[in-house]
Amino acid sequence: MTPAKSSPLPALIVGAALTLAVSTAYAACDSSGVQLQVLGSGGPGDSMGRASSAYVLWVNGESRLLVDAGSGSKDNFHQSGATMGEIDLVALSHLHPDHSVELPAILWPGGGSFDLAGPSGNDGFPSITRFTELLFGEDGVYEVFQGRVDINVIEVNPSQRSQVWQQDGITVTGMGVPHGDVPTIGYRVEYGDLSIGFSSDQTAADPAFVDFIRGVDTLVIHMAANENAVGVIAELHATPSAWGQMAASAEVGQVVVSHISTSDPGELQTNLAILGEHYDGPVVVSEDMLCIAVK
Ligand SMILES: [Zn+2]
Ligand SMILES: [Zn+2]
């Protein structure tokens with residue numbers, strides 16, 4: 001089906017000169033090629049009204065992949081025109097609520113038949129298999145979904161790089177990323193010669209991830225920390241300079257800044273300026289419902 005019109009909010013592009021300009025380059029989700037639609041551009045805590053992490057990947061006009069299902073993304077999912085009838089893979093990066101809590105709401109009341117990828121667990125977090133059982137199993141919290149969902153779980157081991165999923169020319173690979181003690185998967189999606197990387201929440205401290213996303217056309221980064229972040233925020237999230245260094249080292253085609261976790265627009269601009277000191281390629285500041293061509 002044809003994707004719905006994109007956000008009325010303009011995309012902001014910041015270049016090496018740190019100048020901001022309204023762009024019309026990403027006006028709408030096209031019905032051909034690969035389009036990234038941001039359902040949630042916000043992060044944990046106050047995010048200036050943004051929903052939290054969720055993305056639809058449109059391939060030739062069909063909503064094939066849902067990456068993350070963060071808080072507030074249900075309405076945006078429906079507004080986007082995406083349907084669970086078309087979604088073949090839901091890939092959760094990790095089981096923090098701002099990435100996973102909205103999945104039952106997105107599925108309700110219709111349910112769906114799909115593959116569900118996510119990390120294996122540890123002492124502090126359930127595996128994606130256990131998560132699915134706890135929510136949708138016979139004795140699960142949402143037992144009401146019995147008969148409404150048909151979920152094939154794909155458990156991704158964060159300790160190794162692996163192929164997660166492949167269908168109709170779409171290939172998804174995954175690898176663990178450093179996000180404290182939280183099992184977290186970064187995904188790389190390829191279709192033909194197009195590629196997109198989903199960094200998820202991480203500290204950008206693993207050089208192997210730079211190799212993993214090397215040369216992608218589009219890299220989604222989660223800018224949840226300021227340059228001077230301390231404590232748990234700094235332990236879990238990369239600084240803007242670290243993101244910039246990663247994007248530059250990996251020679252990515254464009255960066256999409258997401259997971260924006262601030263109530264202060266000035267703080268965001270400061271972070272973008274620091275990012276731009278290290279990465280001189282195009283940067284798209286995401287907004288909920290924004291469509292971005294992967295090219
Ligand atoms: Zn997060
Ligand atoms: Zn997280």
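Which residues are buried in helix α8? Leu-268, Asn-271, Leu-272, Ile-274, Leu-275 and Gly-276 are, where buried means that 20 or more other C-beta atoms, placed from the backbone, lie within 10 Å of a residue's own.

## About the model

This is a predicted model, in which local features need pLDDT of at least 70 and side-chain atom pairs count only at pLDDT 80 or more, while totals for chains, interfaces and linings use all residues. Residues are numbered from 1 along each chain as its sequence is written, and chains are lettered from A and ligands numbered from 1 in the order in which they are written.

## Overall build

Let's start with the whole protein. Its secondary structure comprises 8 helices and 16 strands; these are DSSP runs numbered from the N terminus, with helices being H or I of at least four residues and strands E of at least two. The C-alpha trace spans about 55 × 45 × 35 Å along the principal axes.

Buried residues account for 52% of the 295.

## The nonpolar core

In soluble globular proteins, nonpolar side chains tend to be buried together. Here the largest nonpolar core holds 82 residues, and Leu-57, Val-90 and Val-257 have the most contacts inside it. Such a core is a set of buried Ala, Val, Leu, Ile, Met, Phe, Trp, Tyr and Cys residues joined through C-beta atoms within 7 Å.

Leaving aside residues up to four places away in sequence, Val-257 touches several residues, including Ile-221, Met-223 and Val-284. Contact here means C-beta atoms, placed from the backbone, within 7 Å.

Strand β3 (residues 34-40) pairs with β16 in the antiparallel sense over 4 bridges. Val-34 has Val-294 of β16 as its bridge partner.

Methods
A residue is buried if 20 or more other C-beta atoms lie within 10 Å of its own, exposed if 12 or fewer, and partly exposed in between; C-beta atoms are placed from the backbone. Two residues are in contact if their C-beta atoms, placed from the backbone, lie within 7 Å. Two strands pair if DSSP finds at least two bridges between them.
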